[in-house]
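Please read the points below with the sequence and the structure open beside you. Each point takes up one part of the chain.

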Amino acid sequence: MNQKLIAEIGKSQRLQILNKLKRTQGLSVTELAEKIGMSYMGIKQHCIELQKGGYLDTWRRPKPVGRPEMLYRLTQRAHELFPVASNEMTIGLLESALKLFGPTAAEKLLLNVFQHKADRYIAKLKGDTVEAKVASFVKLRDQEGHMAEMEKEEKGFRIVEHHSPILDLLRAFPIVARLESEMFQRVLKVQVHRDEQAISGLYQCTFHLEGRAPAREPHPDYEKIVVPRERKEPAPKKEPLKEVEPVLEMEPEPKAEPVRQTEPLPKAEPKPKVKPARQVEFTGELF
């Protein structure tokens, strides 16, 4: 969305509040009033209206002494108020390329886009020193809506961008983050480390630039670059099998001989019963 048109049809004070908050992790009403040059109550009223519209929310920042301080910050809906360089059609075309031409088709298209983008930056870049080139590059990025700033650090410089016009593309195709870092490296001829943060509707991407030439220059023949596939973790090594002492074979038990079947003994004939002798009374006479 064009912010010039927003400024023409809306209140520019609210646009200033949104732009100030976009470059921070949140500001209090007092801090906003100091930066914009308005009264406390004027800023407070604008923040309340923007909060009702869903563009701001609040959070409390702890203080060393006293109660936490309430800060205003942007929501996800506020992202639509800033420049956008990609849309659903772009993502749809890349997804169709995946389906029609294979898993690397979208990556090759994105590689080609970032290569030509890097060539355009190099053609417009000004300055002889690293610092001058970084400042020129930051100006070009800021004009494209990245809300870029240059800061010094111990090893060199860093570029802080508070907005990404291609945020939806970054989310749909994570490889874009790597391609963007390689583009920075190719344009500025320094090693680049990318660090991204996103909280609520706030977005911040920091590119740390080290002041020495990169170890690996991008290949000049762009069309032959193949995106490396993700490295698979090596399978865990199998532990060698422990040697087991052989079990002594036991001698088989001798087979028991089958029991011979013997003929049944003949039944003994029953003894005849002996009749008991009669008892004769003795009369005393033998004859």
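1. The axes of α2 (residues 12-22) and α3 (residues 29-36) cross at roughly 110° and come within 11 Å. Here axes are lines fitted to C-alpha atoms, for helices over the stretch in contact, and angles run from 0 to 180 degrees between N-to-C directions. The crossing is right-handed, meaning that the near helix is turned clockwise from the far one by less than a right angle.

2. On the α2 side of this pair, Gln16, Ile17, Lys20 and Leu21 meet Leu32, Lys35 and Ile36 of α3, where a contact means heavy atoms within 4.5 Å. These residues divide into four nonpolar, one polar and two charged; Ala, Val, Leu, Ile, Met, Phe, Trp, Tyr, Cys and Pro count as nonpolar, Asp, Glu, Lys and Arg as charged, and the others, Gly among them, as polar.

3. The model is predicted, with local features needing pLDDT of at least 70 and side-chain atom pairs counting only at pLDDT 80 or more, while totals for chains, interfaces and linings use all residues. Residues are numbered from 1 along each chain as its sequence is written, and side-chain values use heavy atoms, with hydrogens and water left out.

4. Ser28 is found in the loop between α2 and α3. Is Ser28 buried or exposed? Its relative accessibility is 3%, so Ser28 counts as buried; the cut-offs are under 20% relative accessible area for buried, over 50% for exposed, and in between for partly exposed, with a 1.4 Å probe and protein chains only. Leaving aside residues up to four places away in sequence, Ser28 touches Glu69, Met70 and Leu71.

5. Helix α2 also packs with helix α4 (residues 40-52), at an angle of about 80° and with the axes 10 Å apart, and α2 and α4 are therefore roughly perpendicular to each other. From α2 the contact takes in Gln13, Arg14, Ile17 and Leu18, and from α4 Ile43, His46, Cys47, Glu49 and Leu50. Sorted by kind, the residues of this contact are five nonpolar, two polar and two charged.

6. In the loop between α4 and β1 (56-61) one finds Gly53, which counts as partly exposed because its relative accessibility is 22%. Gly53 and Ala78 are 25 residues apart in sequence, and their C-alpha atoms are 9.8 Å apart in space.

7. Most residues other than glycine have a negative phi. Met147, however, has a positive phi of about 50° although it is not a glycine, and its place is in the loop between α7 (130-143) and β3 (148-153). With 8% relative accessibility, Met147 counts as buried. Lys189 likewise has a positive phi, near 60°, and lies in the loop between α9 (175-188) and β5 (191-199), but Lys189 is partly exposed, with a relative accessible area of 42%.

8. For the protein chain as a whole, the secondary structure comes to nine helices and six strands, taken as DSSP runs numbered from the N terminus (helices H or I, at least four residues; strands E, at least two). Of its 287 residues, 32% count as buried. Among contacts with a separation of 6 or more, 55% are between residues 24 or more positions apart.

Technical notes:
Angles under 35 degrees count as roughly parallel, over 145 as roughly antiparallel, 65 to 115 as roughly perpendicular and the rest as oblique.
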